[in-house]
Amino acid sequence: MIKGETKSGFKYSLDENKLRSWEFVTLAKNLASDKTGFTAPEYIQFVLGEKQAAALAKHSVHDGYSDITIMLAEVTEILQLVTAEVNAKK
């Protein structure tokens with residue numbers, strides 16, 4: 001389990017094994033090719049889990065709504081931080 005905090009102050013805990021899973025790679029591929037953005041919630045929930053995804057939605061409120069662009073930016077930052085930490089362990 002890797003724990004950390006994004007620049008904006010969102011605290012997370014992530015199972016690094018998830019990032020090596022078939023499901024993660026499939027969801028990431030689907031998100032990358034999705035022009036509608038409809039796969040983003042499923043991707044975020046898989047990466048963070050249901051409780052942390054809900055917490056991120058609250059953390060990402062802008063003008064009264066959870067902003068998906070903010071949420072995706074946070075998840076991208078988290079994945080970059082986690083990847084750097086995993087690579088440092090090798």
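Where is Asp 63 found? Asp 63 is in the loop between strand 3 (61–62) and strand 4 (65–66). Here are some notes to read alongside the model.

1. **What you are looking at.** This is a predicted model, where local features need pLDDT of at least 70, side-chain atom pairs count only at pLDDT 80 or more, and totals for chains, interfaces and linings use all residues. Residues are numbered from 1 along each chain as its sequence is written, and side-chain values use heavy atoms, with hydrogens and water left out.

2. **Confidence.** The score here is pLDDT, the predictor's confidence in each residue, from 0 to 100. For the chain its mean is 89, and 96% of the residues reach 70 or more. Among the elements, helix 3 has the highest mean pLDDT (96), while helix 4 (residues 68–89) has the lowest (84).

3. **The layout.** You'll find four helices and four strands in the chain. Starting at the N terminus, the order is β-β-α-α-α-β-β-α. The radius of gyration of the chain is 13 Å, close to the 12 Å that the globule rule gives for 90 residues, so the chain is as compact as a globular protein of that length. (That radius is taken over C-alpha atoms, and the rule is 2.2 Å times the number of residues to the power 0.38.) Along its principal axes, the C-alpha trace spans about 40 × 30 × 20 Å.

4. Of the chain's 90 residues, 34% count as buried. Buried means under 20% relative accessible area, exposed means over 50%, and partly exposed is in between (1.4 Å probe, protein chains only). As for contacts (heavy atoms within 4.5 Å), take those between residues at least 6 apart in sequence: 55% of them join residues at least 24 apart.

5. **Helix 2.** In helix 2 (residues 40–48), the buried residues are Ala 40, Tyr 43, Ile 44, Val 47 and Leu 48. Looking down the axis, you'd see them fall within an arc of 110 degrees, so they line one face of the helix. The arc is that of the directions from the helix axis to the C-beta atoms. Here's a handy rule: an α-helix has 3.6 residues a turn, so residues three or four places apart point the same way. Just after helix 2, Gly 49 takes a positive phi of about 90 degrees.

6. **Helix 3.** Gln 52, Ala 53, Leu 56 and Ala 57 are buried in helix 3 (residues 50–59). Their arc around the axis is only 145 degrees, which puts them on the same side of helix 3. Turned away from that buried side is a face with the exposed residues Glu 50, Lys 51 and Lys 58. Ala 55 also lies in helix 3, and is partly exposed with a relative accessible area of 36%. Ala 55 and Tyr 12 are 43 residues apart in sequence and 9.5 Å apart in space, C-alpha to C-alpha.

7. Most residues other than glycine have a negative phi, and most peptide bonds are trans. Asp 63 has a positive phi of about 55 degrees although it is not a glycine. At 66% relative accessibility, Asp 63 counts as exposed. Lys 7 is in another loop, between strand 1 (2–5) and strand 2 (11–14). Lys 7 is exposed too, with a relative accessible area of 78%.

8. **A charge and a ring.** The charged end of Lys 18 sits over the ring of Phe 46, 5.0 Å from its centre. The rule asks for NZ of Lys or CZ of Arg within 6 Å of the ring centre and within 35 degrees of the ring normal.

Terms used. Helix = DSSP H or I, 4+ residues; strand = E, 2+ residues; numbered from the N terminus.
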